[in-house]
Amino acid sequence: MTVRSTASKLVVAIGAVPREDDMRGVAGEMSARSRQVAPLATALAGRRDEQKRLRTALDDAAAGIPCAFLIHGEAGVGKTRLVRQVCDDARERGFTVLWGRCVRLSATEASYHPLLRALHDWAADADAAERARVLGSAATVEEFARGSIEGPRDGSGLFDALDAVIAAIAGGGPTILVVDDLQWADLASRDALAYLVAGFHRQSLALLVTYRDEDLVAAHSLHGWLADARRLPAVVELVLARLDQQEVQQQLRELLGRDPAPALLDDVVRRAQGNPYLTELLVQDLSPDAEQLTDRVSAALSDALLARWHRLSTQAREVLRILAVGGRPVTSTRLADVANMRDIDRATTAAALQDATDHGIVIDLGQDMHWFRHPLLAELLYATYSRAEAAPIHGVWAHELSLEPCVGVEELQRQSDLALHHERHGELRESLGASLRAADLAE
Ligand SMILES: Nc1ncnc2c1ncn2[C@@H]1O[C@H](COP(=O)(O)OP(=O)(O)OP(=O)(O)O)[C@@H](O)[C@H]1O
Ligand SMILES: [Mg+2]
């Protein structure tokens with residue numbers, strides 16, 4: 001890239017570094033909560049080991065051993081929240097935090113947006129002397145960057161400029177650079193980060209990058225970047241799993257201001273499966289004394305869960321609704337059999353399943369068993385059918401299930417499922433028969 005084209009890109013970029021509020025409209029499909037960094041009103045549940053690891057690495061960084069963390073997990077699992085907590089604690093220990101957040105854009109690419117945003121926010125808070133030390137004679141980040149590009153440099157001017165500013169900030173004291181939601185970063189920012197990490201030397205700098213791993217379809221351009229990054233010695237990976245039952249209890253205690261009723265805890269664990277964001281939405285309007293969840297799902301929760309499903313093709317959406325009627329994990333062959341009886345050919349079902357898996361909506365549980373990553377989505381999709389619409393699909397599931405006798409626990413499960421599908425198909429006698437067989441097997 002020539003200096004001129006880099007410069008013009010930068011001018012476009014810095015001329016239009018959008019405020020995050022402006023970006024929501026552009027992004028169009030950000031989920032209901034617009035992925036705001038949540039206020040830290042409640043204490044973090046769990047994540048002790050993760051905080052410890054990060055704190056140790058930050059202490060090393062403060063001593064001149066830089067590090068880069070790739071923190072990943074599914075949407076809503078708490079990546080931003082963890083990093084926020086760690087940064088707040090570090091700030092109290094004297095760290096400077098540069099916070100860059102990437103935004104999902106559809107048609108435009110705002111080059112260097114997260115990095116420039118982070119530097120803007122830093123410049124807004126820094127005192128005049130510190131700003132002058134870091135930016136030299138420039139009064140603003142824009143001026144500095146423009147000068148760096150237009151000065152006597154070779155083509156890599158902007159990388160050097162960003163590198164130099166960040167190094168200068170870190171020269172003044174231990175610094176954390178956060179890049180949140182890297183899956184949406186523009187290519188220029190990713191290159192600049194690779195450049196920064198590859199050039200790590202004795203700096204008091206830690207880079208904390210987060211990304212949603214479920215969003216990365218096989219062809220996502222971030223894979224290549226990650227593969228290269230993982231080969232660098234300073235790079236460490238941190239995977240965030242869902243919260244366990246005890247941690248959900250802890251989260252609910254914070255949210256409700258009291259210990260949750262045991263049935264409520266069970267209900268939340270069953271439906272949100274330890275995803276803290278879904279847990280939050282499930283209990284959003286609940287009275288602290290509630291013994292159980294209501295069946296009603298809030299609009300925010302439904303929007304959050306359905307957003308991805310809406311992005312699939314029409315046929316893939318229908319295949320997933322059929323899967324939802326099935327009510328439990330199934331093999332791709334059985335799903336294809338059922339969908340086939342609903343006039344969806346096998347190739348279409350296979351493509352739909354692949355698409356849904358790529359989008360992180362469905363997961364392969366092993367042995368070709370497929371189910372929704374968030375079982376709550378199955379509930380919501382099921383509710384998109386009226387009783388009358390769902391009835392014939394239950395009939396097809398009942399028919400398919402009746403073809404394959406099993407043994408032991410699986411047979412008990414099959415008879416219970418048959419009872420339910422027959423009942424919802426309006427075949428009460430068959431339903432009763434299956435219930436009785438299930439009861440016999442259970443003894
Ligand atoms: N360990 C936790 N304890 C309590 N609440 C949590 C925890 N982790 C996350 N939360 C809450 O759950 C919600 C989702 O968390 P967060 O935004 O950090 O998720 P995320 O992984 O960054 O999601 P996304 O991929 O959408 O950016 C937030 O409101 C946050 O406060
Ligand atoms: Mg986040």
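## Aspartate 180 and its surroundings

The side chains of aspartate 180 and threonine 80 make a polar contact at 2.9 Å. This is a predicted model, and the values below are computed from it. Aspartate 180 belongs to strand 3, which covers residues 175–180. Its relative accessible area is 2%, and because the cut-off for buried is under 20%, aspartate 180 counts as buried.

Beyond its neighbours within four places in sequence, aspartate 180 is in contact with Thr80, Trp99, Gly100, Arg101, Cys102 and Thr210. Threonine 210 is 30 residues away from aspartate 180 along the chain, yet the C-alpha atoms of the two are separated by 4.9 Å.

## The protein as a whole

The protein has 443 residues, and 50% of them count as buried. Its secondary structure consists of 21 helices and eight strands. The protein exposes about 20600 Å², of which carbon and sulfur atoms supply 52%.

Contacts can also be sorted by how far apart the partners are in sequence. Taking those between residues at least 6 apart, 73% join residues that are at least 24 apart.

Strand 1 runs over residues 67–73, and seven of its seven residues are buried, so the strand is largely enclosed by the rest of the structure. In a regular strand, side chains alternate between the two faces of the sheet. Here Cys67, Phe69, Ile71 and Gly73 point one way, while Ala68, Leu70 and His72 point the other way. The residues of both groups are all buried.

Which strands pair with strand 1? One is strand 4 (residues 205–212), which pairs with strand 1 in the parallel sense over seven bridges. Within this pairing, alanine 206 of strand 4 is the bridge partner of cysteine 67. Another is strand 5 (residues 235–239), also paired with strand 1 in the parallel sense, over five bridges. In strand 5, valine 236 stands opposite phenylalanine 69.

In soluble globular proteins, nonpolar side chains tend to be buried together. The largest nonpolar core in this model has 54 residues, and Leu320, Ile322 and Phe372 touch the most other members. Helix 15 (residues 314–326) gives the most to this core, namely seven residues. Domain 2 (245–294) and domain 3 (306–442) each supply at least three residues to this core.

Phenylalanine 372 touches Leu320, Leu323, Ala324, Ile361, Val362, Leu377, Ala378 and Leu381, when residues up to four places away in sequence are not counted. There is also a second, separate core of 48 residues, with Leu119, Leu162, Ile169 and Leu193 among them.

## Arginine 47

A polar atom of the arginine 47 side chain lies 2.9 Å from the backbone oxygen of alanine 241. Alanine 241 is also listed among the contacts of arginine 47, which, leaving aside neighbours within four places in sequence, are Val77, Leu82, Leu240, Ala241, Leu243 and Glu247.

Methods. Residues are numbered from 1 along each chain as its sequence is written. Chains are lettered from A and ligands numbered from 1 in the order in which they are written. This is a predicted model: local features need pLDDT of at least 70, side-chain atom pairs count only at pLDDT 80 or more; totals for chains, interfaces and linings use all residues. Side-chain values use heavy atoms; hydrogens and water are left out. Buried means under 20% relative accessible area, exposed over 50%, partly exposed in between (1.4 Å probe, protein chains only). Helices (H or I, at least four residues) and strands (E, at least two) are DSSP runs, numbered from the N terminus. Two strands pair if DSSP finds at least two bridges between them. A nonpolar core is a set of buried Ala, Val, Leu, Ile, Met, Phe, Trp, Tyr and Cys residues joined through side-chain atoms within 4.5 Å. Domain bounds come from an automatic or database domain assignment. Contact means heavy atoms within 4.5 Å. A polar contact is a pair of N or O atoms within 3.5 Å; within protein, one must be able to donate a hydrogen and the other to accept it, and residues adjacent in sequence count only if both atoms are side-chain atoms. Accessible areas come from the Shrake-Rupley method with a 1.4 Å probe; for residues, only the protein chains shown count as cover.
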